[in-house]
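Here are my notes on the model, point by point.

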Amino acid sequence: MAELVMCEPFELYNLLNQRSCVSRLAEINYLCLIDARETQDYRMNHIITAKNGKLDSEGRFLLPEAVEVDSMRHVVVYDSNTSCLEEHGRAAECAQVLAEASLYPVQIVRGGFQRFSALYPFLRTEKIIYTITELENLKTYPVEVLAGLLYMGDQKQGTDSSVLKDLKISSVISISQSGPLESRSITGNQTILNIPVADSEVPDLYSCFERICGFIGTQLNMGSRVLIVSRQGRSRCSAATIAFLMHHLKYTLEEAWKCVLKCKSNTRPNRVFLQQLSDWELHTVGTKVTDISDPYF
């Protein structure tokens with residue numbers, strides 16, 4: 001039987017916003033999201049792509065139809081407002097049934113629908129059935145690295161006024177090898193920091209780490225939410241995000257890398273940036289703790 005664990009709302013938010021070429025929600029074995037509330041509550045509003053948990057004649061939750069729970073990489077359940085594993089509500093009852101079939105831990109969203117929908121109202125819907133094409137083309141948002149504070153995404157998301165409005169983004173850091181991200185390309189009053197990184201054999205991002213970390217720190221102290229973007233949102237922006245976590249939280253390179261990877265599964269700084277982050281680790285921690293020669297790092 002699989003383990004039951006609590007899941008913070010931002011962790012589910014990140015699961016819903018993973019993307020490769022298309023939204024990962026189109027993958028048949030990626031996410032099983034179950035709404036364990038009463039059917040009338042589910043039909044009124046639920047988290048995007050969630051299926052309503054069904055009960056048998058004795059009031060026991062059934063496994064979802066047409067879903068192979070044992071093949072799902074992520075199994076997540078929520079009810080109205082369960083806040084801990086000790087609560088014996090509908091989410092826990094449903095999770096117990098799913099845990100009997102799942103190979104991975106079954107996650108229960110802390111605070112349930114009430115808390116998640118208060119934080120991410122734009123991810124609520126009444127829609128129940130999706131085609132594969134609709135799932136592939138679902139709008140994805142920047143991932144949340146520090147809850148309610150720091151986000152990471154691609155250049156398109158950085159210029160999407162609805163994304164910035166929904167996430168209440170006040171500041172954008174654009175790391176680009178081309179032209180700057182101009183304030184007039186965004187509908188709003190975001191503070192923009194452009195970091196040009198030349199498209200060369202040895203692009204230099206290390207010399208910008210101090211400026212990036214200082215900017216983020218200042219913005220967060222002012223209560224601003226910061227979004228870091230690069231063209232594809234994989235290498236340059238992840239390197240900058242890792243550098244900030246090392247500076248701000250005193251993480252080692254490996255700790256910061258694992259934190260970012262958990263938020264966005266397909267992110268990867270290139271080898272040049274990885275070496276510069278290793279040098280940054282020496283600067284922030286005082287020694288090179290992380291062995292970047294490990295091929296599995």
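1. A salt bridge here is a side-chain nitrogen of Lys or Arg within 4 Å of a carboxyl oxygen of Asp or Glu. Side chains of opposite charge can pair when their charged atoms come close. By this rule the count is eleven salt bridges.

2. Basis. This is a predicted model, where local features need pLDDT of at least 70, side-chain atom pairs count only at pLDDT 80 or more, and totals for chains, interfaces and linings use all residues. Residues are numbered from 1 along each chain as its sequence is written, and side-chain values use heavy atoms, with hydrogens and water left out.

3. E8 and R110. Their side chains form a salt bridge, 2.6 Å from N to O. E8 sits in the loop between β1 and α1 (9–16), and R110 in the loop between β6 and α4 (112–119), so the pair ties together parts that are 102 residues apart in sequence. Helices (H or I, at least four residues) and strands (E, at least two) are DSSP runs, numbered from the N terminus. E8 and R110 also join R115 in a network of salt bridges.

4. Exposure of this pair. Buried means under 20% relative accessible area, exposed over 50%, and partly exposed in between (1.4 Å probe, protein chains only). E8 is partly exposed at 23%. R110 is partly exposed too, at 27%.

5. E38 and R90. This salt bridge has its closest N and O atoms 3.4 Å apart. The pair links distant parts of the chain: E38 is in the loop between β2 and α2 (39–44), R90 is in helix α3, and 52 residues separate them. E38 is partly exposed, with a relative accessible area of 37%. R90 is partly exposed at 24%.

6. Helix α3 itself. How many of the ten residues of α3 (residues 90–99) are buried? Seven are, and the helix is mostly covered. The buried residues are A91, A92, C94, A95, V97, L98 and A99. They pack against the strands β1 (4–7), β2 (31–35), β5 (74–78) and β6 (106–109), where contact means heavy atoms within 4.5 Å.

7. K258 and E254. K258 is exposed at 52% relative accessibility, whereas E254 is partly exposed at 34%.
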